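Work through the exercises below with the model open. Try each task before reading its solution.

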Amino acid sequence: MPQIPEKIHELTVGQLSARSGVAVSALHFYESKGLIHSRRTSGNQRRYHRDTLRRVAFVRAAQRVGIPLATIRDALAELPEERTPTRADWARLSETWRSELDERIKQLGWLRDHLTDCIGCGCLSLENCVLSNPNDTFGETQTGSRLLPRRLRETPAPDAARPSPVPPESPSCR
């Protein structure tokens, strides 16, 4: 990884790309979305402040855990300009996402646990499917996989007190 001398306070897009491991096109995209900022030289070349390296690393880490770019942009807007964010700055920002990540982990665990049952059932009718139609909520009005993406967002994971959905071997599943 190329080292940048401490006396250099601004980076070209190529230097930022080489140092961060992010493609130049991705850096341009991040800039178009307001995640990072540059100034333009008299020759219209981009120059990035050194703290942009940490911002890019933060964007990449947040993306890896599924944080939407708009949310990342809003978080980065809270950071001071022209100052490298501190550990406390990053901790404060990442703490705001903890409950969202915990909920996502809970939903993914529920999906993982029920996906095997659904595939094992083999019905694929989706009328009484535990994944696309928990507790046959939509069975009276509609069926089909077109409901799955919307329902995964709308349907909370069942808790222990709630009766379990139709078992995978149920005759109504066929």
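This is a predicted model: local features need pLDDT of at least 70, side-chain atom pairs count only at pLDDT 80 or more; totals for chains, interfaces and linings use all residues.

Residues are numbered from 1 along each chain as its sequence is written, and side-chain values use heavy atoms, with hydrogens and water left out.

**Exercise 1.** State how many helices and strands the protein chain has, and give their pattern.

Solution. Helices (H or I, at least four residues) and strands (E, at least two) are DSSP runs, numbered from the N terminus. The protein chain has seven helices and three strands. Along the sequence they read β-α-α-β-β-α-α-α-α-α.

**Exercise 2.** Find which strands pair with β3.

Solution. Pairing requires at least two bridges found by DSSP between two strands. Strand β1 (residues 10-11) pairs with β3 (residues 46-49) in the antiparallel sense, over two bridges. Here L11 has Y48 as its bridge partner. Strand β2 (residues 39-40) also pairs with β3, antiparallel, over two bridges. R40 stands opposite R46. Five residues lie between the strands of the β2 and β3 hairpin, and N44 takes a positive phi near 65°.

**Exercise 3.** Describe how α1 packs on α2.

Solution. Take the angle between N-to-C directions, from 0 to 180 degrees, with axes fitted to C-alpha atoms over the stretch in contact. Helix α1 (residues 13-20) meets α2 (residues 24-32) at about 110°, with axes 9 Å apart. That makes the two helices roughly perpendicular (65 to 115 degrees). Next, list the contacts (heavy atoms within 4.5 Å): V13, L16 and S17 in α1 meet V24, L27 and H28 in α2.

Terms used: Angles under 35 degrees count as roughly parallel, over 145 as roughly antiparallel, 65 to 115 as roughly perpendicular and the rest as oblique.
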